[in-house]
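The entries below follow the order in which I looked things up.

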Amino acid sequence: MRIKILSNTLLTTTAFACMSLISNADALEANANQASNKAPANKPDIATPISTDSVESKNGRLTGIPASEQSSKQESKRAAEQNKVEIGLLDTLVITPNRQQGKVRDTQLTVQRLDQEAIDRETISHIQQLLNGVSGVNLNRGSGQEYLSAIRSPVLTGSGACGAILLLENSVPLRPAGFCNVNGLIESHHEQAELIEVQKGPGNGFYGSNALHGAINVINPASVAQTEALALQLGEYGHARLGLKTAGDHIATTTTLFHEDGYRDDSQVDWQKISVAYQGDAQDLLQTTHLTLINLNQNTAGYITGKDCYKDEQIARSNPNPEAYRDIFAARISQQYQLENLGQLTPYARVSEMEFLMHFLPGKPLETNQHVSLGTLWQNQWQSDTLGSLNYGLDVDIADIELRQEQFSPTQGSAFLVATIPEGKQYDFQVRTVNSGAFVQIQKTLTPRLQLNTGIRAEYSRYDYDNRMNSGRVDEQGNPCGFGGCRYTRPQDSIDSFTDISANLGLIYQLNQQQQWLLSVNQGFRPPQVSELYRLQGEQSVSELDSEHIKGLELSWRGDWHKHQFNLSGYYYHKHDVIFRDSEQFTRNGGETDHKGLEISWSYDLTDALQSQLEYTFAKHTYSNNPEGLNNDINGNDMDTAPREFGRWRLNYQANDNQSIALSVSHMGGYYTDIDNLHRYSGHVLVDAYYQWQLSDKWRVGLKGLNLLNTAYAERADYTVFTQDRYFPGLDRRFFVQMNYAL
């Protein structure tokens with residue numbers, strides 16, 4: 001029976017957060033009583049920055065990481081406005097590469113920012129609408145809030161596909177390394193964030209597990225520097241989104257409420273997200289506290305089946321799986337401490353619960369899972385004339401994970417499916433995980449024009465697996481299945497561990513003050529996910545999976561030239577021990593793949609009022625071997641759901657100081673939907689438009705029209721031997737109105 005997952009976990013977590021904030025408030029009051037003769041404390045515009053410029057060096061010895069010099073909220077806002085005009089690409093501030101504030105010119109990674117202006121303009125109902133405006137990023141939207149993602153990769157599928165992209169909130173992972181969620185950004189509060197950063201390609205030493213193809217970092221869902229405001233957006237198909245931001249001297253809150261009846265039958269979505277931030281003074285031990293609570297209740301619309309059936313509006317709006325749903329609750333709290341000479345410490349705690357009907361599998365089993373986890377991130381710096389700036393640190397994450405999969409009705413379909421997938425429990429297990437990593441990252445100026453960035457990371461992952469059912473390829477009662485055995489196999493209790501090492505090397509050559517060349521050679525890895533190790537199928541009795549590894553290089557040219565701002569990147573990566581899912585929905589391992597591409601991020605000020613922005617990708621992702629267990633030769637084939645070109649062009653027009661208009665054209669190239677390259681989706685083009693009018697200092701209104709040409713298209717196209725061609729249909733033309741009031 002379906003339940004709403006707003007459980008006692010919410011009460012426990014909220015109580016924990018409140019006690020923490022009360023404790024902070026008590027300390028704040030004590031400080032305030034002693035501070036009547038002091039100047040008011042100032043606040044940074046980013047809640048988690050650390051200025052490396054202020055680190056002192058005494059005979060090459062460690063002096064710690066001080067907090068950045070803070071400014072008032074008004075100064076922060078003025079600085080942000082100046083940045084839009086004065087700051088070039090290389091001097092843009094980013095957080096993700098070093099988990100602290102730094103300039104683009106000092107990192108060997110390609111990082112793209114989506115700032116507050118871009119987030120507010122889009123006023124998204126789904127994260128795809130924002131992230132697909134970044135070159136190299138391709139999210140396939142599913143039903144409701146669901147999606148599958150890609151960064152310099154094909155769209156990744158399977159229970160462990162989410163392990164290839166690291167998802168962060170304020171640089172803290174959203175989930176344990178071995179227990180990701182393929183729709184993981186549902187559990188972040190990105191809709192009103194101050195900033196979203198996308199790191200493309202394998203990371204440096206600061207990140208290990210899951211930063212295989214890149215990372216997405218949602219920064220400051222709530223911040224004391226934010227503008228207090230109330231926002232309401234209304235649209236077709238029962239769309240309503242309400243946002244509230246408050247900010248005081250030390251505490252800020254952000255609340256987002258969302259409802260949509262859905263374009264398709266029985267596809268209602270409701271979610272609520274709340275974030276609370278506490279900001280200490282510069283001299284305080286405790287610098288920041290971040291709390292985020294997420295609750296989602298979604299009626300899921302399943303795939304529609306039949307070649308090009310998404311072109312039929314009646315079929316596109318239908319829902320073959322009205323019984324499908326997904327419920328999620330997640331909570332996270334993190335704190336950042338400044339330890340003087342001992343660096344920066346960020347402890348955190350997370351909980352999540354999820355229940356969803358797996359409508360895409362034969363038999364439509366129900367999965368329930370939950371986890372509780374604790375961890376900490378610690379890092380410090382050493383300054384030396386010989387070595388330059390040396391960052392080093394230690395990360396530890398422990399988690400208790402439970403998962404159950406159960407089918408409540410007989411399987412429908414062929415005699416084979418009916419015999420091999422009986423109803424009843426299919427998996428029921430608990431896994432306790434430990435993930436720990438240590439890193440060193442060096443930044444050294446070799447000549448006035450040449451900078452070296454290099455580092456190494458070592459990581460250890462341990463899984464203690466406890467099977468709560470009978471083991472083997474039998475049903476819940478221990479009876480064997482026909483046709484050689486049951487589809488689902490349960491391994492015996494085991495302890496599994498993985499040790500991984502990655503290294504990185506970057507050379508940054510300064511052509512002039514505005515432009516750089518970048519050569520980066522990186523490695524990355526991800527250990528197998530819990531679902532890949534212990535949800536075995538067919539004749540598997542013991543998982544023989546290894547960690548996936550990637551290595552390759554990137555060459556970039558980035559900077560400013562006259563009225564142009566650009567980042568042109570070419571890359572080549574090779575992956576081995578790849579874990580993937582075939583057209584029969586079996587998990588395969590031992591694969592090898594090649595990934596190469598060219599990304600264009602370019603903006604040009606045509607006039608003072610007119611700006612052109614292009615984010616476009618040319619890529620080729622191919623299989624480079626024939627993994628064991630496959631009957632067909634796939635070596636050299638395109639990977640499925642890997643379009644060779646895609647991107648977005650936007651034209652922005654600032655009509656006057658109060659009004660702006662934007663036109664957006666998105667292109668999705670065609671792609672194969674199966675590993676044998678026998679079935680294909682032809683691609684599509686979408687046109688969107690935006691209008692904003694600042695009525696007064698307090699009021700702003702906006703209009704948005706999506707899919708203006710009313711194109712029939714597929715958000716995702718796929719092929720399986722069970723269903724043949726299947727699709728998540730795209731939405732038709734629709735309009736939205738938004739009203740913002742500054743409090």
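**Entry 1: a cavity**

I found that strand 34 (684–694) gives the largest share of the lining of the second largest cavity, 4 residues. The model is a predicted one: local features need pLDDT of at least 70, side-chain atom pairs count only at pLDDT 80 or more, and totals for chains, interfaces and linings use all residues. Residues are numbered from 1 along each chain as its sequence is written, and side-chain values use heavy atoms, with hydrogens and water left out.

I noted the terms. Helices (H or I, at least four residues) and strands (E, at least two) are DSSP runs, numbered from the N terminus. A cavity is a set of points on a 1 Å grid over the protein atoms alone where a 1.4 Å probe fits but cannot get out, and lining residues have an atom within 4 Å of a point.

The second largest cavity holds about 410 Å³ of space, a volume being the space filled by probe spheres set on the points, which are joined across faces, edges and corners. I looked up its 27 lining residues, of which Gln128, Asn132, Arg648, Ser666 and Leu686 lie nearest the centre. Helix 4 (128–131) and strand 36 are among the elements that each supply at least two residues of this lining.

**Entry 2**

Strand 36 is joined to strand 37 (residues 724–729) by 6 bridges. Aspartate 718 has arginine 726, in strand 37, as its bridge partner.

**Entry 3: two positive phi values**

I checked arginine 152, a residue other than glycine with a positive phi near 50°. Arginine 152 sits in the loop between strand 5 (147–148) and strand 6 (165–169). Is arginine 152 buried or exposed? At 1% relative accessibility, arginine 152 is buried (buried means under 20% relative accessible area, exposed over 50%, partly exposed in between, with a 1.4 Å probe and protein chains only).

Glutamate 340 also has a positive phi, near 50°. I found glutamate 340 in the loop between strand 16 (325–338) and strand 17 (344–357), and glutamate 340 is exposed, with a relative accessible area of 67%.

Methods:
Pairing = 2+ DSSP bridges. 1 Å grid on protein atoms, 1.4 Å probe; cavity = no way out; pocket = protein on both sides within 12 Å on 5 of 7 lines; lining within 4 Å.
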